[in-house]
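Good morning, and thank you for coming. I would ask you to keep the sequence and the model in view while I go through the structure.

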Amino acid sequence: MRKTIWSTLAVILIFLIWYLAADRQTPFTGNARVKAIATQIVPQVTGTVTEVLVENGQIVEAGDVLVRIDRRPYEIAKSKAEADLESATQDVGASSAEVSAAQAKLARAQSDLDTIRIQSERVFALEKKGLVPISQADNARGQLAESVANFENAQADLEKAKQRLGSEGSENPKIQRALAALAEAELDLEWTELRAPATGVVSNLLIAPGTYARSGQDLLTFLDATDIWIEAYFTENNLGRTKIGSTVEVVLDMHPGRVLPGVIESFSAAVSVSGGDVAGDLASAPSTKGFLREPERFPVRIVLPGYEAGNAEDDLRFQLNGQADVIMYLGDNGLLNMVGRAYIRLVSIMTYAY
């Protein structure tokens with residue numbers, strides 16, 4: 001009996017030592033999720049949806065038209081603005097045709113520049129992380145520079161057209177108001193087409209032709225597929241030895257039986273607590289219950305090399321907020337690393353059942 005007790009205590013002690021060492025060398029968490037940027041597509045103009053050009057779950061490319069809003073009220077507004085400009089220029093004895101054309105060209109160049117700038121910023125962000133080739137980033141810089149040049153040329157053409165009206169005509173308040181109204185009408189007309197901001201997927205599509213779109217209110221959800229990561233929550237005592245670039249292994253519930261290599265990309269510097277401080281009030285500590293306090297968990301961002309962006313041709317399929325299990329290897333202890341690798345592979349097999 002005594003031998004059994006001592007054997008049990010020895011096993012418990014060994015397990016405790018292993019647990020404490022593994023918690024620092026090979027920490028594991030099942031509290032992890034697949035993450036991507038979810039963007040709400042919000043119309044800038046109000047009107048009836050006339051066309052829905054995508055289906056739920058469809059993969060789209062940057063710049064693809066997703067939805068069209070009834071253009072007729074905005075075409076009428078543009079025609080009225082052009083007529084008002086013609087009337088204003090006639091009042092000062094000038095022709096507005098050239099100015100109107102230059103104004104339309106400038107509006108289009110502005111829209112193109114905004115789209116290219118958004119797409120380029122996404123590529124530059126991925127370049128900083130080393131997730132896209134330099135050639136792709138250089139192409140984005142070239143497109144952005146070309147778009148900026150086109151916009152500046154359009155501005156110059158409009159300025160020349162204004163100057164041809166004569167100094168008195170171009171500075172006339174009536175013409176200035178008419179030009180501003182025409183620019184606004186051109187922009188509203190451009191906004192009747194909602195476009196994809198990047199390569200991604202349309203999610204939870206709940207609209208159809210006839211839906212009334214309101215300016216400033218969410219219309220559909222778009223998932224950006226250009227930046228995908230795993231967000232794993234570890235306790236504070238797991239993170240003492242972690243650093244950017246540390247190796248990890250990941251099991252996705254979506255793909256049971258597979259163990260995927262990953263690396264730590266970044267850490268979050270803070271988390272929200274229930275007893276958060278309020279400006280002007282005294283510091284408030286978060287509440288704790290029980291003999292042992294609840295450990296705080298911090299998110300660690302992990303990328304899977306080769307799968308930083310979603311691709312329909314990949315052998316992996318990602319689901320936003322899909323669950324995952326993650327183990328980190330933070331030291332050179334061969335025994336702990338071996339046990340950790342065996343454990344994560346056992347977890348990958350178990351995911352077939354739950």
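Lysine 78 counts as partly exposed, because its relative accessibility is 21%. The classes are these: buried is under 20% relative accessible area, exposed is over 50%, and partly exposed lies in between, with a 1.4 Å probe and protein chains only. Lysine 78 makes a salt bridge with glutamate 186, and the closest N and O atoms are 3.3 Å apart. This pair links distant parts of the chain, since lysine 78 is in helix H2 (residues 72–91), glutamate 186 is in helix H6, and 108 residues separate them. A salt bridge here is a side-chain nitrogen of Lys or Arg within 4 Å of a carboxyl oxygen of Asp or Glu. Glutamate 186 itself is buried, because its relative accessible area is 9%.

Before I continue, a word on the basis of these values. This is a predicted model, in which local features need pLDDT of at least 70 and side-chain atom pairs count only at pLDDT 80 or more, while totals for chains, interfaces and linings use all residues. Residues are numbered from 1 along each chain as its sequence is written, and side-chain values use heavy atoms, with hydrogens and water left out.

Of its 354 residues, 38% count as buried. Among contacts with a separation of 6 or more, 79% are between residues 24 or more positions apart, where contact means heavy atoms within 4.5 Å.

I return to helix H6, which covers residues 173–190. Its 18 residues reach 26 Å from the first C-alpha to the last, close to the 26 Å expected at 1.5 Å a residue; the expected span is 1.5 Å times one less than the number of residues. The buried residues of H6 include Ile175, Leu179, Leu182, Glu186 and Glu190.

Which residue meets glutamate 190 in a salt bridge? The partner is arginine 108, at 2.6 Å from N to O. Here too the pair links distant parts of the chain: glutamate 190 belongs to helix H6 and arginine 108 to helix H3 (residues 97–128), 82 residues apart. Arginine 108 is partly exposed, as its relative accessible area is 37%.

Arginine 258 and aspartate 315 also form a salt bridge, with their closest N and O atoms 3.1 Å apart. Arginine 258 lies in the loop between strand E9 (247–252) and E10, and aspartate 315 in the loop between E11 and strand E12 (323–329), so the pair ties together parts that are 57 residues apart in sequence. Both are partly exposed, arginine 258 with a relative accessible area of 28% and aspartate 315 with 48%. In total, the count comes to 12 salt bridges.

The next topic is the sheets. Two strands pair if DSSP finds at least two bridges between them. Strand E4 (residues 65–69) is joined to E5 by 3 bridges, and arginine 68 has glutamate 193 in E5 as its bridge partner. Arginine 68 and glutamate 193 also belong to a network of salt bridges together with Glu51 and Arg195.

Elsewhere, strand E11 (residues 297–303) is largely enclosed by the rest of the structure, because 5 of its 7 residues are buried. E11 runs antiparallel to strand E8 (residues 220–235), with 6 bridges, and antiparallel to strand E10 (residues 260–267), with 4 bridges. Isoleucine 302 in E11 is the bridge partner of isoleucine 230, and isoleucine 264 stands opposite isoleucine 302 as well.

Strand E9 is mostly covered, with 5 of its 6 residues buried. E9 pairs in the antiparallel sense with E10 over 4 bridges and with E12 over 6 bridges. Threonine 247 has valine 263 in E10 as its bridge partner, whereas valine 248 stands opposite methionine 328 in E12.

That concludes the tour; I am happy to take questions.

Technical notes: Helices (H or I, at least four residues) and strands (E, at least two) are DSSP runs, numbered from the N terminus.
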